[in-house]
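Visitor: Could you walk me through this one? I would like to start with the overall fold and then go into some details.

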Amino acid sequence: DEFGSAYTMLRQIGQGGTARIYEARRRSDGARVAIKKISIARSGVNAANAVREAAALRALSSCRNVVMLHEVIALPKHAALVLELCKGGELFDAIAATGLKGLPAPAAAVISAQIIGALSHCHRLGFVHGDVKPENILFHRAWDATAPDAAATAARIDVRLIDFELATTLTRDDARRGSRGGTPGYMSPAK
């Protein structure tokens with residue numbers, strides 16, 4: 001076990017272009033966490049992205065709607081970010097589950113306010129996320145967008161902005177130039 005005595009890996013819960021995400025249990029107290037294991041063995045770019053993501057998450061830790069970073073573990077071929085575990089799934093899946101009906105208005109309002117708050121916090125501290133999309137917004141706990149009482153339960157929604165791998169610090173020059181990162185299908189036409 002490459003995490004030694006600190007964590008027990010339970011199951012893989014996600015995968016991206018450069019990382020795999022696992023649910024794990026911290027052995028010291030039994031707390032459940034997410035571990036983002038980033039392959040850095042063959043790519044200096046991945047290593048730089050891991051450092052950038054960890055730095056952004058450390059700086060943004062005071063925002064409730066940004067996923068919390070617990071620690072960074074350096075391994076010979078990987079960097080591992082130990083993160084708050086969000087059990088409710090992606091915003092993308094919640095939207096897709098509703099089909100053409102869409103999210104209930106009260107839920108959409110709560111989600112939007114929380115995302116805007118997280119992005120505002122990022123920008124106040126000089127960070128640009130770089131890849132905001134429904135797949136990078138997780139529900140902290142389960143919420144069923146298709147349930148008959150979905151609108152009534154909207155006040156319980158609690159989302160987290162994740163995946164700061166493309167985050168950059170914002171300077172005046174950056175603001176004038178614009179960012180080049182992101183997922184093509186979600187980028188503005190100007191990019």
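Visitor: What kind of model is it, and how are the residues numbered?

Guide: This is a predicted model, in which local features need pLDDT of at least 70 and side-chain atom pairs count only at pLDDT 80 or more, while totals for chains, interfaces and linings use all residues. Residues are numbered from 1 along each chain as its sequence is written, and side-chain values use heavy atoms, with hydrogens and water left out.

Visitor: How many helices and strands are there, and in what order?

Guide: The chain has four helices and nine strands, and read from the N terminus their order is β-β-β-α-β-β-α-α-β-β-β-β-α. Helices (H or I, at least four residues) and strands (E, at least two) are DSSP runs, numbered from the N terminus.

Visitor: What share of the chain is buried?

Guide: Of its 191 residues, 40% count as buried, where buried means under 20% relative accessible area, exposed over 50%, and partly exposed in between (1.4 Å probe, protein chains only). The accessible surface of the chain is about 10400 Å², with 55% of it belonging to carbon and sulfur atoms; these areas come from the Shrake-Rupley method with a 1.4 Å probe, and for residues only the protein chains shown count as cover.

Visitor: Let's take the strands. Which ones does S5 pair with?

Guide: Strand S5, residues 78-84, pairs antiparallel with strand S3 (residues 32-39) over seven bridges, and five bridges join S5 to strand S4 (residues 69-74), also in the antiparallel sense. Two strands count as paired if DSSP finds at least two bridges between them.

Visitor: How many residues of S5 are buried, and how many of S3?

Guide: In S5, seven of its seven residues are buried, and in S3 the count is six of eight.

Visitor: What else does S3 pair with?

Guide: S3 is joined to S2 by seven bridges, and these two strands run antiparallel; one of the bridge pairs is Ala-24 with Val-33 in S3. The hairpin of S2 and S3 has five residues between the strands, and there Gly-30 takes a positive phi near 80 degrees.

Visitor: Changing topic, what is the volume of the largest pocket?

Guide: The largest pocket has a volume of about 770 Å³. It is lined by 32 residues, of which Gly-14, Ile-21, Glu-90, Leu-138 and Ile-162 are the closest to its centre. The elements giving two or more residues to this lining are strand S1 (7-15), strand S2 (19-26), S3, helix H1 (44-59) and S5, and the largest share, four residues, comes from S1.

Visitor: How is a pocket defined here?

Guide: On a 1 Å grid over the protein atoms alone, a pocket is an open set of points with protein on both sides within 12 Å along at least five of seven lines, whereas a cavity is a set where a 1.4 Å probe fits but cannot get out; lining residues have an atom within 4 Å of a point. Grid points are joined across faces, edges and corners, and the volume is the space filled by probe spheres set on the points.

Visitor: How many disulfides are there?

Guide: The structure holds zero disulfides, a disulfide being a pair of cysteine sulfur atoms within 2.5 Å.

Visitor: Last topic: is Ala-50 buried or exposed, and what is it in contact with?

Guide: Ala-50, which is found in helix H1, is buried, with a relative accessible area of 5%. Leaving aside neighbours within four places in sequence, Ala-50 is in contact with Ile-38 and Ala-79.

Visitor: And where is Ala-151?

Guide: Ala-151 is in the loop between strand S7 (137-139) and strand S8 (159-161), and is partly exposed at 36% relative accessible area. Its C-alpha lies 6.0 Å from that of Ala-107, although the two are 44 residues apart in sequence.

Technical notes
Contact means heavy atoms within 4.5 Å.
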